[in-house]
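Here is a friendly walk through one structure, heading by heading. Please keep the 3D view open as you read.

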Amino acid sequence: MTNADKISMLEEMLELEKGELNEGSVLTEMPQFNSMAKLSLIVMFDDEFGKKLTDENIRSFRTVKDVLDFME
Amino acid sequence: MSGTIDFTGKQVFITGATAGIGKETAVTLSRLGAKLILLGHLEGELTDTMSILDGKGHHAVVYDLSDLAGIEPMIRELYAIRGPFDGFVHCVGIRSRRPLAMITPVIMREVINTNLGSFLELVRCISRKGNFNPGLSIVGISSISSQRGHKGVTIYAASKAGLEAAGRCLAKELATKGIRVNTVVPAQIDTPAYREFLKISGENDESPDLLSRQYLGLGQPSDVANVIAFLLGGSSRFITGSAIPVDGGFLSS
């Protein structure tokens with residue numbers, strides 16, 4: 001899966017328009033990145049990448065790139 | 001409890017006996033003299049529970065209750081080996097936390113089948129003539145989420161609300177057979193599932209608010225297991241069709 005694919009997944013999850021996110025986008029400044037989006041991220045990591053995210057992991061995510069790096 | 005309730009000679013079937021409330025219920029009932037049939041889908045954890053029970057003659061069944069079609073033959077096989085039941089406790093439950101957008105048809109089927117469908121199918125099989133002893137008592141584990149709205153638990157809450165509703169209807173329908181059906185409604189209980197929930201959700205979740213409304217603090221699995229033991233025993237003979245809160249006050253606040 002390319003980074004572009006992963007960014008598309010995040011855009012869909014956050015209900016953003018295509019192209020609205022890039023690696024430098026700061027998630028913590030986005031109103032869409034609320035508690036339900038964080039829960040969605042946990043579910044997405046589990047379903048798509050077989051990884052269990054903790055609250056600590058999520059709090060360490062500032063930019064989209066931080067999330068992409070964790071998807072590896 | 002052991003001074004007032006005695007399950008010597010009684011056989012109780014418990015689903016979801018590998019962890020949390022189910023495991024504690026198994027330990028509690030074994031101390032009260034019951035012969036147990038424990039069902040779980042993880043063999044290793046089921047063996048762990050079996051190893052800490054009091055008494056002898058217990059039996060373990062490894063089965064995934066999301067497979068509804070296989071329940072009837074599984075129960076038929078159990079009866080052939082073990083004979084009729086005196087109690088049935090449905091502790092199995094998938095604690096699904098997903099926003100609506102992440103609930104897929106596969107998840108819906110898995111959660112509803114496991115938490116609710118298997119209860120109905122098991123009660124259908126167990127309540128047949130000859131499959132139970134007089135005074136059979138059935139207890140299902142619900143949740144406060146069946147009665148209060150919380151974000152991200154829609155499918156889980158719906159399955160538990162269905163369980164409570166089913167319990168009320170089944171209590172009426174099965175009363176003529178002398179069978180009682182009740183549910184218990186726990187709030188936050190200190191189980192491995194609760195600890196996992198905290199680890200994942202941390203301070204971003206509603207958990208602090210949940211606990212502040214639960215003004216007796218965090219419950220222990222034994223708090224629920226003791227109520228289940230009471231509902232299984234003859235001391236509760238006049239209670240059926242009820243959903244009994246074991247919630248540290250949550251539903252009153």
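## About the model

This is a predicted model, in which local features need pLDDT of at least 70 and side-chain atom pairs count only at pLDDT 80 or more, while totals for chains, interfaces and linings use all residues. Residues are numbered from 1 along each chain as its sequence is written, chains are lettered from A and ligands numbered from 1 in the order in which they are written, and side-chain values use heavy atoms, with hydrogens and water left out.

## Where chain A meets chain B

Let's begin at the interface. Here 13 residues of chain A touch 12 residues of chain B, contact being heavy atoms within 4.5 Å. Together the two chains bury about 1200 Å², with carbon and sulfur atoms giving 62% of that area; buried area is the accessible area (1.4 Å probe) that two parts lose on being put together, summed over both. On the chain A side, Met36(A), Leu39(A) and Asp55(A) lose the most area to chain B, and together they make up 38% of what that side buries.

The rule finds one salt bridge across this interface, that is, a side-chain nitrogen of Lys or Arg within 4 Å of a carboxyl oxygen of Asp or Glu. You can find it between the side chains of Asp47(A) and Arg98(B), at 2.9 Å from N to O. In chain A, α2 (35–49) and α3 (55–60) each bring at least two residues to the side that touches chain B; helices (H or I, at least four residues) and strands (E, at least two) are DSSP runs, numbered from the N terminus. The largest share of that side, nine residues, belongs to α2(A).

## Helix α1 of chain A

Now turn to α1(A), which spans residues 3–13. Its buried residues are Lys6(A), Ile7(A), Met9(A), Leu10(A), Glu11(A) and Met13(A), where buried means under 20% relative accessible area (1.4 Å probe, protein chains only). These buried residues pack against α2 and α4 (64–71) of chain A. Just after the helix, Glu15(A) adopts a positive phi of about 55°.

## Ile14 of chain B

Over in chain B, Ile14(B) lies in strand β1, residues 11–15. Ile14(B) counts as buried because its relative accessibility is 0%. Beyond its neighbours within four places in sequence, Ile14(B) has contacts that include Gly22(B), Leu29(B), Leu38(B), Val89(B) and Cys91(B).

Conventions. Buried means under 20% relative accessible area, exposed over 50%, partly exposed in between (1.4 Å probe, protein chains only).
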